[in-house]
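Dear colleague,

Please find below the structure that I am handing over to you. My notes on it follow directly after the model.

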Amino acid sequence: MTTINTDTKILTSAEMLPKGAANGELGKDDFLKLFVAQLQHQDPMSPMENSEFMGQMASFSSLEQISNLAAANEKIAASLASTNAIGLIGRTVTYTDADDVVHTGTVDKVTTVDGKPSLTVAGVGGIDPATITQVA
């Protein structure tokens, strides 16, 4: 547990967390705020060691790169889902609707709703590609 000694009170790392990080997850902005708070409140007579400082900077850099990688993966997944849906145009599919009724029809078109593909099958729109059980 990280502690910071201020003039009036010793803060624990839990008390230093931004209010949005109550679930225990820190984003890169939260990490940077915590790191700056540590620097501001460190004891001038006993400053942070160079190796500790470099370790925290490396952790921040890793966190930022992982965040960037996750965002890129989300874009790739969305693109792949759209590509797969487009590949169904003209194909006969079987899908299950919200009432667990099975329908079969030809995919007429693909639209994007909120960044996710939606199919029109035999004139019925709003079909989630995840509900398809068979492709002929």
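Across which strands does helix α3 lie, and at about what angle does it run to β5? Helix α3 (residues 50-86) lies across β4 (102-113) and β5, and its direction is at about 15° to that of β5. Axes here are lines fitted to C-alpha atoms, for helices over the stretch in contact, and angles run from 0 to 180 degrees between N-to-C directions. Helices (H or I, at least four residues) and strands (E, at least two) are DSSP runs, numbered from the N terminus.

Please note that this is a predicted model, in which local features need pLDDT of at least 70 and side-chain atom pairs count only at pLDDT 80 or more, while totals for chains, interfaces and linings use all residues. Residues are numbered from 1 along each chain as its sequence is written, and side-chain values use heavy atoms, with hydrogens and water left out.

Overall composition

The protein chain holds 3 helices and 7 strands. Read from the N terminus, the order of elements is β-β-α-α-α-β-β-β-β-β. Of the 136 residues in the protein chain, 22% are buried (buried means under 20% relative accessible area, exposed over 50%, partly exposed in between, with a 1.4 Å probe and protein chains only). The protein chain exposes about 9400 Å², of which carbon and sulfur atoms supply 55%; accessible areas come from the Shrake-Rupley method with a 1.4 Å probe, and for residues only the protein chains shown count as cover. Among contacts (heavy atoms within 4.5 Å) with a separation of 6 or more, 38% join residues 24 or more positions apart.

The sheet

Five strands form an open sheet in the order β6-β5-β4-β3-β7, with antiparallel pairing; two strands pair if DSSP finds at least two bridges between them. The edges are taken by β6 (124-127) and β7 (132-135), each with a single partner strand, so one side of each is left without a neighbour in the sheet. On average, neighbouring strands of this sheet are turned by 45° against each other, direction ignored.

The individual pairings can be followed through their bridges. Strands β3 and β4 run antiparallel and are joined by 5 bridges, with Thr96 opposite Val102 in β4. Strands β4 and β5, also antiparallel, are joined by 6 bridges; here Thr111 stands opposite Ser118 in β5. Between β5 (residues 116-121) and β6 there are 2 bridges, again in an antiparallel arrangement, and Leu119 has Ile127 in β6 as its bridge partner.

Ser118, in strand β5, counts as buried at 10% relative accessibility. Beyond its neighbours within four places in sequence, Ser118 is in contact with Lys109, Val110, Thr111, Val113, Gly126 and Ile127.

Asp100 is exposed, with a relative accessible area of 63%. The hairpin of β4 and β5 has 2 residues between the strands, and in this hairpin Asp114 has a positive phi near 55°. Asp114 is likewise exposed, at 78% relative accessibility.

Helix α2

The 13 residues of helix α2 (residues 28-40) should span 18 Å at 1.5 Å a residue, and its end C-alpha atoms are 18 Å apart, which agrees; the expected span is 1.5 Å times one less than the number of residues. The buried residues of α2 are Asp30, Phe31, Leu34, Phe35, Ala37 and Gln38. Seen down the axis of α2, these fall within an arc of 160°, so they line one face of the helix; the arc is that of the directions from the helix axis to the C-beta atoms. The face turned away from that buried side carries the exposed residues Asp29, Lys33 and Gln40.

Which residues does Phe31 touch, not counting those up to four places away in sequence? Phe31 touches Gln56, Ser59, Phe60 and Leu63. At 19% relative accessibility, Phe31 counts as buried. The C-alpha atoms of Phe31 and Ser59 are separated by 9.2 Å, with the two residues 28 apart along the chain.
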